Structure formats: structure tokens, C-alpha cells
Amino acid sequence: MLHFADSLTFSGRKVVAAWAALPFPALSGSSLPDVLSAHQDLPWKLLSSWKEQKVSSCFAQSVVLRGMCQEKATRSPLHSCESPGQVLQHYLHTQFPGAFSTCQVLQQPCHTQPPFPQFFSPLLSRRGFLLDRAQGFSSAGVQSMPVLAALQSCPGLHSLLSGLCRELRPRRWGGSCAAGLEQDDFQEALEELRTLAQCYETGCGAAGSEEEGDSD
């Protein structure tokens with residue numbers, strides 16, 4: 001995972017954010033272009049620990065989609081793509097113009113039989129597709145599902161790293177001292193973290209988040 005994250009980072013950046021759609025929100029029999037066209041916002045949720053839940057830009061990303069088969073249609077630029085991989089690549093370039101994006105689409109879904117945690121909604125079919133109404137079987141009957149996962153190097157990580165710097169202010173040195181960390185080492189690590197946060201700044205948006213953090 002460390003080497004994979006390194007492939008998405010440059011210009012001093014070292015951190016990526018994780019996103020996922022579990023399950024990928026698709027109706028049974030729907031095509032990938034139909035699903036993506038139906039979502040004005042990105043159809044995945046943030047897994048990393050920071051307050052922002054929407055990202056409008058990124059520097060680089062890698063996206064993997066499993067369990068969506070090819071369906072032919074001809075109504076939009078997405079529908080004119082020849083393969084699911086091209087559909088997803090076109091969608092990513094549209095959502096994040098200028099970003100370095102790689103993607104992979106696999107036909108095999110994510111298998112969810114026990115001991116996979118059985119926390120699924122009754123509005124899912126056994127293959128993990130969305131239903132109009134709940135079925136008679138329990139959520140434990142979900143055997144597989146389409147899944148999308150992504151790693152992103154994005155400007156929003158500036159607020160996460162800056163917030164971590166604020167949490168590690170010198171007034172909290174006492175706890176670090178008790179843990180056996182020298183003060184000089186602590187200050188050096190804090191400065192490295194602050195420098196890393198600055199690598200994710202992008203103009204006015206980053207300045208705004210910094211001002212918001214200073215007001216805490």
C-alpha cells in the first residue's frame with residue numbers, strides 16, 4: 001500500500017485519501033454509463049478521517065470498479081465508449097480535468113458471504129444491486145456486490161494535516177514527554193507535518209481553510 005500511495009504522490013506529497021462505494025449504487029441490469037450519468041455528485045464516500053465529504057479537484061487518483069458488466073447504449077459521450085474501463089476513464093477526466101487518473105474495471109464482483117460482515121440493507125439483491133423494495137430474504141443473503149474504491153491525492157488533505165498540527169501544539173508536549181519523546185524530535189516532526197500540509201495548498205481554497213483553522 002505504501003508503494004501504491006507513492007505512485008499517486010509528487011511535489012513533496014505523501015498522503016492519499018481513501019474513498020469507497022460499498023455497494024456501488026446500481027440497479028440490476030443498468031449500464032455503467034446510466035449509473036454514472038444519474039449521479040451529479042461522485043457516487044462514493046470518504047473513508048479517511050476529515051470533515052469534508054466532497055472533493056471537487058485532485059492531483060492524482062487511482063480508481064477500481066468491480067462487478068459491473070458492459071451494457072450497450074448510444075445516448076451520451078459515456079455511452080459511446082467501447083468498454084467499461086473507457087467509460088470510467090472518461091467520467092474521471094470529466095469530474096477531475098487535469099488530474100492524473102488511472103482506473104481499472106473488473107467483471108468479478110466483491111464476494112460477501114460469511115465471514116464478511118452482514119450489515120447490508122434489505123434493499124439489496126443477492127448480487128448487491130439496488131432494489132425498488134425490500135425482498136423476503138435477510139441481508140445475510142447478499143452473496144456479492146459491485147464495489148468501487150479510490151485513492152486520491154487531493155487539496156482537501158491540507159485541512160486534515162493542518163488540523164493534526166493544531167492538535168499537536170506545544171502545549172500538549174507533556175503527554176509526548178511522558179511517552180519518552182524528546183522535545184527537539186517532537187518539534188522537528190511537527191514542522192515536517194506542517195510542511196507536508198503546505199504541499200496540498202491550492203490558492204484561495206487552502207488559505208480559507210487555514211484561516212478557519214486559526215479561528216478554532
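The points below comment on a predicted model of one protein chain.

1. Basis. Because this is a predicted model, local features need pLDDT of at least 70 and side-chain atom pairs count only at pLDDT 80 or more, while totals for chains, interfaces and linings use all residues. Residues are numbered from 1 along each chain as its sequence is written, and side-chain values use heavy atoms, with hydrogens and water left out.

2. Overall make-up. The protein chain has seven helices and seven strands, in the order α-β-α-β-β-α-β-β-β-β-α-α-α-α along the sequence. Helices (H or I, at least four residues) and strands (E, at least two) are DSSP runs, numbered from the N terminus.

3. Burial and surface. Of the 216 residues, 39% count as buried; buried means under 20% relative accessible area, exposed over 50%, and partly exposed in between (1.4 Å probe, protein chains only). The chain exposes about 12300 Å², of which carbon and sulfur atoms supply 54%. Accessible areas come from the Shrake-Rupley method with a 1.4 Å probe; for residues, only the protein chains shown count as cover.

4. Contact range. Taking contacts between residues at least 6 apart in sequence, 72% join residues at least 24 apart. Contact means heavy atoms within 4.5 Å.

5. Helices α4 and α6. The axes of α4 (residues 157-167) and α6 (residues 183-198) come within 8 Å and cross at roughly 160°. Axes are lines fitted to C-alpha atoms, for helices over the stretch in contact, and angles run from 0 to 180 degrees between N-to-C directions. The two helices are therefore roughly antiparallel, a label for angles over 145 degrees.

6. Residues between α4 and α6. From α4, His158, Leu161, Ser162, Leu164 and Cys165 meet Leu190, Leu193, Arg194, Leu196, Ala197 and Gln198 of α6. These residues divide into seven nonpolar, three polar and one charged. Ala, Val, Leu, Ile, Met, Phe, Trp, Tyr, Cys and Pro count as nonpolar, Asp, Glu, Lys and Arg as charged, and the others, Gly among them, as polar.

7. Serine 144. This residue lies in strand β6 (residues 144-145) and is buried, at a relative accessible area of 10%. Beyond residues up to four places away in sequence, serine 144 touches Pro109, Cys110, His111, Thr112, Arg126, Arg127 and Gly128.

8. Leucine 123. The loop between β5 (110-111) and β6 holds leucine 123, which is partly exposed, with a relative accessible area of 38%. Its C-alpha atom is separated by 4.6 Å from that of alanine 134, eleven residues apart along the chain. Neighbours within four places aside, leucine 123 contacts Phe129, Leu130, Leu131, Asp132, Arg133 and Ala134.

Note on methods:
Angles under 35 degrees count as roughly parallel, over 145 as roughly antiparallel, 65 to 115 as roughly perpendicular and the rest as oblique.
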